Amino acid sequence: MLIFQCPYCGIDADETELSPGGEAHLKRFGPGASDEDFESYLFMRENPKGVHFERWRHSNGCGKWFHAARCTMTLEVFGTYSAQTFEPPQEIKDKISQKRPGWSWRNFS
Amino acid sequence: MKRYSAFAIAREAYRHHKGWERAWRNPEPKQKYDVIIVGAGGHGLATAYYLGRNFGITNVAVIEKGWLGGGNTGRNTTIIRSNYLQDPSAAIYEKSRSLYETLSQDLNYNIMFSPRGVMMLAQTQHEIRGYQRTVHANALQGVKTEFIGPKRVKELCPIINLDGPRYPVLGALWQSRGGTARHDAVAWGYARACSDMGMDIIQQCEVTGIDKENGKVTGVQTSKGAIACEKLGLVVAGHSGVLADMAGFRLPVESVALQALVSEPIKPCMDVVVMANTVHGYMSQSDKGEMVIGGGADGFNNYTQRGSFHHVEETVRALVETFPMISRLKMLRWWGGIVDMTGDRSPILSKTPLENCFINCGWGDWRVQGNPWVGLGYGRIDGQGSFPANRRVFNVALQRGQIYRRKRRSRSGALMEGTCKSLILQRPVQISHNPLNACERLLVNVEAGSC
Ligand SMILES: Cc1cc2nc3c(=O)[nH]c(=O)nc-3n(C[C@H](O)[C@H](O)[C@H](O)COP(=O)(O)OP(=O)(O)OC[C@H]3O[C@@H](n4cnc5c(N)ncnc54)[C@H](O)[C@@H]3O)c2cc1C
Ligand SMILES: [Zn+2]
């Protein structure tokens, strides 16, 4: 069972208190975008066996959206961070590097 | 290959059963094959089988990182049905279901196909309307289904509780020729037939890289060394993303855990398959007497082959209302499989940007029942590098591609609107979400939300 610490209310919440929200840091494309960009925004997803970044919502708690970094192979959680950012904070990236040297995810590493 | 028959059993009985031969060889890889299939699940093996049987291509290796049939093929709840609303889905799954009827004879291997009947409960007014619509669609598609009332449900499945209170049974979509098959036996039967045709099934051999030259595939790197090939088929279900990464393209697929569990064996008490989509649980009784129970998939990416406990709890809690007797059962085993889900739950059978490399994935949680057909169709893609335009089911699917082509000519705003709507309504999305080439992608609309 996954347990995340909500970066807003500080509570350790397990999955039953949370709702998964899919891949993090998606770049959104809307009207005016090319078909390819729009299609890829809608459907293409990172699907790594290893380090992954996601959006979660503390739905049965404070209700806030937040970000999480975790491993899809071991379910290990590297950390959670605010939703108001376009990329993972350095501190989270460093934590991952300690445990998974040489990791990369999209343009981040 | 010595054929299995009643005579063979009698003969072996006289010989103290010393004359049985191994069902398949366990060869070391050759340096090169015409075709390499990655993944010895039901789909990979069926692909190899029909490549050999229908196209005479037998210089084939099926490469498997674990043991054959150890992926989702050996982890599912074995239900086979074709009661789908959309034409392409109904066509594919009905063709597949009908192939299952004679697959044991075809393979000379008892796959224990048991068309015991599949019942999908209507537990809301909305479901009644939905299933009545499906029955009408099935009538036009030539799939035999009917809508039955609660009384008939109770006759067919006496252990059911019709009265709720939360989820009363209001009727059911009944497919009398749906049922189950022994999933392992499906893989084993195909494997035996493939091996007999001279194909190599190479187990405990993980593909770790894909070799290419000038945009063309030339072979694979494996834990048993490099193996060259002319054509490569990726049929790895939950690991499609990993293999696509090696080949250098992206997929609209996410891997999530889907779970099932079985109870202790009990006396025969239920001889149909019952599915309850509102509460997301389904149940059948295995030949050993275990109650086989499946539920919903987790909502997040996962490669661990075990799902979240609370999902099981939810499934069982909901089923207990409809089947009060299972509250006393002890559950014996519980497991998960990694299923490859596309955004619109439509599978992908396609060429890829890497020439001579093909992919079959995105069947998510409903593929066992698609096994024979997909093998048949996909074998054709691998074998001839082209889609079998002469197959009716493929034609239907190809028309979807044409719809997409037409749509693409319109302004992107219109396209966008159509797509969003489809997603919101949870209707099959008619836009290809293949990274590759939309027209080459076979779009098969599996109803979103069917478990
Ligand atoms: C709990 C559960 C219940 C289900 N219930 C049903 C049901 O009732 N009815 C139904 O129709 N479907 C059901 N399904 C879906 C069905 O099981 C799958 O869709 C189907 O078995 C997939 O077959 P496959 O051959 O594509 O994949 P798999 O059987 O998963 O085969 C893929 C193989 O690829 C191998 N592989 C992966 N990576 C590599 C690599 N790098 N190198 C070499 N080999 C590799 C894996 O080890 C695996 O053996 C269910 C699935 C689950 C998990
Ligand atoms: Zn919170």
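Predicted model: local features only at pLDDT ≥ 70, side-chain atom pairs only at ≥ 80, totals over all residues.

Cys9(A) has a relative accessible area of 33%, and Cys62(A) one of 36%. Buried would require under 20% and exposed over 50%, so I noted Cys9(A) as partly exposed and Cys62(A) likewise as partly exposed.

I then listed the donors of the zinc ion (ligand 2): Cys6(A) through SG, Cys9(A) through SG, His58(A) through ND1 and Cys62(A) through SG, at 2.0 to 2.4 Å. I checked the geometry next: the angles among the four donor atoms are 102 to 118 degrees, and the site is tetrahedral. Along the sequence, I found the donor residues spaced C-x2-C-x48-H-x3-C. Cys9(A) and Cys62(A) link distant parts of the chain, being 53 residues apart. I placed Cys9(A) in the loop between strand S1 (3-5) and strand S2 (12-14) of chain A, and Cys62(A) in the loop between strand S4 (51-57) and strand S5 (65-71) of chain A.

Entry 2, sheet in chain B. I traced an open sheet of eight strands with mixed pairing, in the order S5-S6-S4-S13-S14-S15-S12-S16 (chain B). Which strands stand at the edges? They are strand S5 (146-148) and strand S16 (331-342) of chain B; each has a single partner strand, so one side of each lacks a neighbour in the sheet. On average, neighbouring strands of this sheet are turned by 25 degrees against each other, direction ignored.

For one pairing I went to the bridges. Strand S13 (residues 273-276) and strand S14 (residues 281-285) of chain B run antiparallel and are joined by three bridges. Ala276(B) has Gly281(B) in S14(B) as its bridge partner.

I also recorded what packs on the sheet. Helix H8 (residues 309-322) of chain B does, touching strand S4 (118-122), strand S12 (253-265), S14, strand S15 (290-301) and S16 of chain B. The direction of H8 makes about 135 degrees with that of S15(B).

Is H2(B) mostly covered or mostly open? I found H2(B) mostly covered, with eleven of its 14 residues buried. Among them are His43(B), Leu45(B), Tyr49(B), Tyr50(B) and Leu51(B). Just after H2(B), I noted that Gly56(B) takes a positive phi of about 65 degrees.

Conventions:
Residues numbered from 1 in each chain as written. Chains lettered and ligands numbered in written order. Heavy atoms only, no water. Donors = N, O, S within 2.8 Å, 3.2 Å for Na, K, Ca; no water. Tetrahedral: all angles 85-135°; square planar, octahedral: opposite > 155°, others 65-115°. Helix = DSSP H or I, 4+ residues; strand = E, 2+ residues; numbered from the N terminus. Buried < 20%, exposed > 50% of the residue type's maximum accessible area, 1.4 Å probe, protein only. Pairing = 2+ DSSP bridges. Axes fitted to C-alpha atoms, helices over the stretch in contact; angles between N-to-C directions. Contact = heavy atoms within 4.5 Å.
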